[in-house]
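Have a look at the sequence and the structure on the screen, and then I'll walk you through a few spots in them.

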Amino acid sequence: MGKIIRAQRRGAGSVFKSHTTHRKGEARLRAQDFAERHGYLKGVVKDIIHDPGRGAPLVRVAFRDPYRHKQRMETFIAAEGMYSGQFVYCGRKATLNVGNVLPVGQMPEGTIVCNLEEKSGDRGKLARASGNYATIVAHNHESGKTRVKLPSGSKKVIPSANRAMVGIVAGGGRIDKPILKAGRAYHKYKAKRNCWPMVRGVAMNPVEHPHGGGNHQHVGKPTTVRRDTSHGRKVGLIAARRTGLLRGTKKVAREKSDKM
């Protein structure tokens with residue numbers, strides 16, 4: 001019997017836990033309330049800050065509490081072009097300006113948005129990485145649904161009441177600069193979690209990985225495995241529908257998705 005492989009040890013946490021000590025808190029939209037559903041609220045950007053382990057900058061936005069005499073500080077993901085001292089408007093009747101938050105049903109088709117809600121009131125789940133954005137494709141006013149194009153290129157139908165921030169996420173072009181040396185990769189992943197350097201399975205012994213062993217570094221068996229295979233064997237291409245290069249079907253698939 002072999003050892004407990006790396007993929008299994010990760011699930012238990014231990015040294016694989018994410019490094020969250022210096023992080024600045026959860027970045028999400030305001031909790032939806034009466035003011036946002038029927039009008040708008042005005043906030044002011046107090047600060048633009050760096051969050052360790054995240055490519056995109058964050059903004060601290062101060063809102064007046066609509067029910068108590070105090071200020072509420074919210075942390076949003078910064079849209080490109082936001083600046084400290086900027087007024088940010090959140091709500092159904094907010095204007096269509098970069099940094100404002102409003103329901104996707106109130107935006108015209110073709111609007112570029114980020115920090116998009118997947119389900120109503122979840123405070124932003126889609127298009128949150130640096131340089132990412134989603135596009136409003138079409139509205140169906142009868143069913144109250146909106147079709148959006150996600151950063152992956154796939155299209156998704158969501159409720160028109162879901163909110164999003166206007167603009168693209170700041171910090172774009174981050175992956176255009178090559179890492180070049182191991183030291184930069186070390187510091188990059190040190191802020192995230194223990195996932196670098198990654199030892200290949202074929203470089204291990206048979207006791208440590210299903211791809212290990214042999215007189216030359218080779219897998220020696222198909223890398224696709226079943227969905228219900230045992231945990232210690234579940235490496236490689238798990239329940240792959242297809243493998244290999246995409247040949248000549250990309251254009252046809254794109255045309256089909258555009259017609260839909």
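Let me start with a question: does Tyr89 count as buried, exposed or partly exposed, and at what relative accessibility? Keep that in mind for a moment, and bear in mind too that this is a predicted model.

So, Tyr89. The answer is partly exposed, because its relative accessibility is 25%, and buried would need a value under 20%. Tyr89 has a ring partner, Tyr40. The count of aromatic pairs comes to 2. In the pair of Tyr40 and Tyr89, the ring centres are 5.7 Å apart and the planes sit at 70°, so we call it edge-to-face. Now, where do these two come from? Tyr40 is in the loop between helix 2 and strand 1, while Tyr89 belongs to strand 4, so the pair ties together parts that are 49 residues apart in sequence. Tyr40 is partly exposed as well, with a relative accessible area of 46%.

Then there's the pair of Phe63 and Phe76. Here the centres are 6.1 Å apart and the planes are at 50°, so this pair is tilted. Phe63 is in strand 2 and Phe76 is in strand 3, and the two are 13 residues apart. Both of these phenylalanines are buried.

Phe63 has something else going on: the charged end of Arg30 sits over its ring, 5.3 Å from the centre.

Okay, next stop, Ser130. Find the loop between strand 6 and strand 7, and that's where Ser130 is. Ser130 counts as buried, because its relative accessibility is 12% and the cut-off is under 20%. What does the side chain of Ser130 reach at 3.5 Å? That would be the backbone oxygen of Gly171. There's also a polar contact of 2.9 Å between the side chains of Ser130 and Arg174. If you skip the neighbours within four places in sequence, the residues in contact with Ser130 include Gly55, Ala56 and Val169.

In that loop between strand 6 and strand 7 you'll also find Arg123. Arg123 is not a glycine, yet its phi is positive, about 70°. Most residues other than glycine have a negative phi, and most peptide bonds are trans. Arg123 counts as buried, with a relative accessibility of 15%.

Leu180 is another non-glycine with a positive phi, near 70°. Leu180 lies in the loop between strand 10 and helix 3. And is Leu180 buried or exposed? Exposed, with a relative accessible area of 75%.

For the peptide bonds, look at Trp196 and Pro197: the bond joining them is cis, with omega about -5°. Pro197 is in the loop between helix 3 and strand 11.

Notes:
Residues numbered from 1 in each chain as written. Predicted model: local features only at pLDDT ≥ 70, side-chain atom pairs only at ≥ 80, totals over all residues. Heavy atoms only, no water. Helix = DSSP H or I, 4+ residues; strand = E, 2+ residues; numbered from the N terminus. Buried < 20%, exposed > 50% of the residue type's maximum accessible area, 1.4 Å probe, protein only. Polar contact = N/O pair within 3.5 Å; in protein donor to acceptor, adjacent residues only side chain to side chain. Contact = heavy atoms within 4.5 Å. Phe/Tyr/Trp six-rings, centres within 6.5 Å; stacked < 30°, edge-to-face > 60°. Lys NZ or Arg CZ within 6 Å of the ring centre and 35° of its normal.
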